[in-house]
Structure formats: C-alpha cells, structure tokens
Amino acid sequence: MSTPPRRIVHVTTVHPRDDIRIFRKECVSLARAGYEVVQVVGDGLGEAVVDGVRIVDIGARPAGRLARMRQQPRRALEAVRALAPALVHVHDPELLPLAGAMAREGVLAVYDAHEDVPRQILTKQWIASPLRMALSWGFERYENARVRPLAAVVAATPHIAQRFAAVARRSVSVANYPFLGELAPPAAPVPRERVVCYVGGIMRTRGIFEMVRALPQAPGVRLLLAGNFEDAALEQALRAEPGWAQVDYLGLIGREQVRSVLARASAGLVTLLPMPSYVDSLPIKMFEYMSAELPVIASDFPLWRDIVVRQACGVCVDPADPAAIAGAIRAIVDAPERVQAMGRAGRAAVLDQYNWPQAERELLALYETLLP
C-alpha cells in the first residue's frame, strides 16, 4: 500500500498568489516531487487548483498596512489549523507568530526569508529617517528570537542564510535563480535594437534617477522601462527629467512581454544603489537578463563583480554615476559583437549554475530531511 502524500501549507498574506518564488518555483516544485501542497493567500480571488497546488483564499486584504498586519495573520492561522498540515512554510515576517504557534502545536514550521529585512528597513522611504536605525536593530532581534523554535529557515541568498545560521536550527540558501527555458532567446536570432532595459520595481534606491540621467549622454539609445513606480511623486519627478524623452515606459508587464523586452534590448540595467540590503543580494533580474543572452550593466559590488566579471557577461559601474552608466551603455550597444559574446557567456553561466533546477535541489533536500 502506498503512503499518502503529506500535506504542506505555504502561507503568504503579502505576496500575490502567482508569486514567482512562492508559487511558481517552491510550491509547484514540491507538488511535482509528490507532496500535497496547499498555498494560503489573502486576495479575495477565491479558491482554485493550479499546477497541482490547491489555493485557499482567506479573503481580500483590508485597506492599510497596519490593518492587514493585524487581521490577515489571524485569518491565516485559522485556515492553517483547519488544514492540519505536516509542515507549514511562511513567507512574510508578519507570519512569524503563526509559525511559532504551529511549532508549539507540534507542526514543523519553516520561515522563508526573501529579504534581509533589517538592512532593508534602513532604506525604507516611508519610515522617518531618524527611526530607521532603531527599527532595524529591534526587528533583527525580534526576527532572530522568532525563528529559534522553528524547524528551519529558507533564505533567498547565501548572505541571509549565513545570518540566520547562528540562531536557527537549520538555515539553507535557496536562490531565486531563473527557469532554464522561460526567458531563453528566440530560436531564430533577431538583431538587437539600440535599447537597454530595466524590469522590476521602479524605486529611488534602485538607481532609477541615475539610469534616466545617463540617457542624454547616450544619444540615440532608448530605455525600455517596465514595472510599477514606488510612488506618484517619484513618477512625476522622473517624467520631469530631460532623459525621460528617451524612455519607453511599459508599465507592469507579464512574463511573455518580459521575454519580448529582453529579446529586443542590447543590455539590461541592474544598477542598484549601494544600500546595505543590496550589496550582498542576488537580484533575480540580473540572472534573468543573463538567461535571455542579454549583457548586464551592474552595480560594482564585490559579490556582483565576482559574478559579472568572472563570467564575462557584462560590465560593472558606479551606480551613483550617470556618466559611468552612460559610458557602459555606449560601449555595449555600439559593439554588436560584444553584445553577442557577453550574452552567450551569461546564458552559459545560467545553464551551468544559476538556474532554478539547481536551487530546487536545495529545497527538496531540506524537505526530505524534515519529512523523511
């Protein structure tokens, strides 16, 4: 007689139900590995079964960040208890109390640390500047205390995994690397245009002003810009920049459109400013550019330089210097042979090591240990 699959419940009250890391990578991978996977979300879109994953909806988020943080974790806890899982895997810091409650009830609990939140707090524009240091210090101690009784921490980068290794029972890195085929270049090569691209959240700390201010120093080059603005004031200020005349703003686009943008561009920009939460990060957009055979123009952080220079898949620049960004843009878009060589090198690196099947092995190995 075969053993019935053990039920695993992933929970998020912040991310969308089709989040790439939570749903498309972790939940779907675990379902394909034979686990019974349920994803608890709070978006009001109803229940469903997608790619072998059952989705349970606890209802739409209330308006306001504080209302969401008060109400949704309580609703999620009720839903998780009703599902009686063998393991619960939470994805938001506001769900750490839920994970702790389930651990006290004898359920294996895992915390997925997508970001280095204490360092991220230092860059939050909506938090008054004098409060950020104290909040960062306090949150790190809160987070460390909350993960101690849990079975494991799954971290999006080796840096975050190392941080939790000192306080968690088990800490593993499951990187957000791209799928091998999703953004692959067209089978029939097409000439790349004199355009560069940026795909992702449009934020001050991600160097958007410096990107736009670089454009007048790269005549004839256009920026394909995709994503949501951090706030209305940022959009208004960017549209007033002279370089905005060289921007084609695409808004928030789907994955197929992302693939089309990456296929047109001659380079992808990932020139995040040197914030504490960025310098040791592994931005998914950099690896997605590489996956699409697109040279990268990246911030000159030691970790990123080691990847970009060692793999010969792009150039690193001072992200705070528009002239340096413009120089890198000109050096690449005016040299099609460099575009081709760097693009192929980046794609080869993704095929070799920076891909989801590699990261998936770490996730499945952890689950096999926790649920033997």
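**Notebook: a strand residue, a helix pair, a pocket**

I looked up Ala155 and found it in strand β7 (residues 152-155). Strands here are DSSP runs of E, at least two residues long, and helices are runs of H or I, at least four, numbered from the N terminus. The model is predicted, so local features need pLDDT of at least 70 and side-chain atom pairs 80 or more, while totals for chains, interfaces and linings use all residues. Residues are numbered from 1 along each chain, and side-chain values use heavy atoms, without hydrogens and water.

Is Ala155 buried or exposed? I noted 0% relative accessibility, so Ala155 counts as buried (under 20% relative accessible area; exposed is over 50%, partly exposed in between, with a 1.4 Å probe and protein chains only). I then listed contacts, meaning heavy atoms within 4.5 Å. Leaving out residues up to four places away in sequence, Ala155 touches Arg21, Ala113, Ile160, Ala161, Val172, Ser173, Val174 and Ala175.

Next I took two helices. Helix α10 (residues 284-291) packs against α13 at about 115 degrees, and their axes are 7 Å apart. Axes are lines fitted to C-alpha atoms over the stretch in contact, and angles run from 0 to 180 degrees between N-to-C directions. The pair is therefore roughly perpendicular (65 to 115 degrees; under 35 is roughly parallel, over 145 roughly antiparallel, the rest oblique). From α10, Phe287, Met290 and Ser291 meet Gly343, Gly346, Arg347, Ala349 and Val350 of α13.

Last, I checked which helix gives the most to the lining of the second largest pocket. Helix α13 (residues 336-352) does, with five residues. A pocket is an open set of points on a 1 Å grid over the protein atoms alone, where a 1.4 Å probe fits, with protein on both sides within 12 Å along at least five of seven lines; lining residues have an atom within 4 Å of a point.
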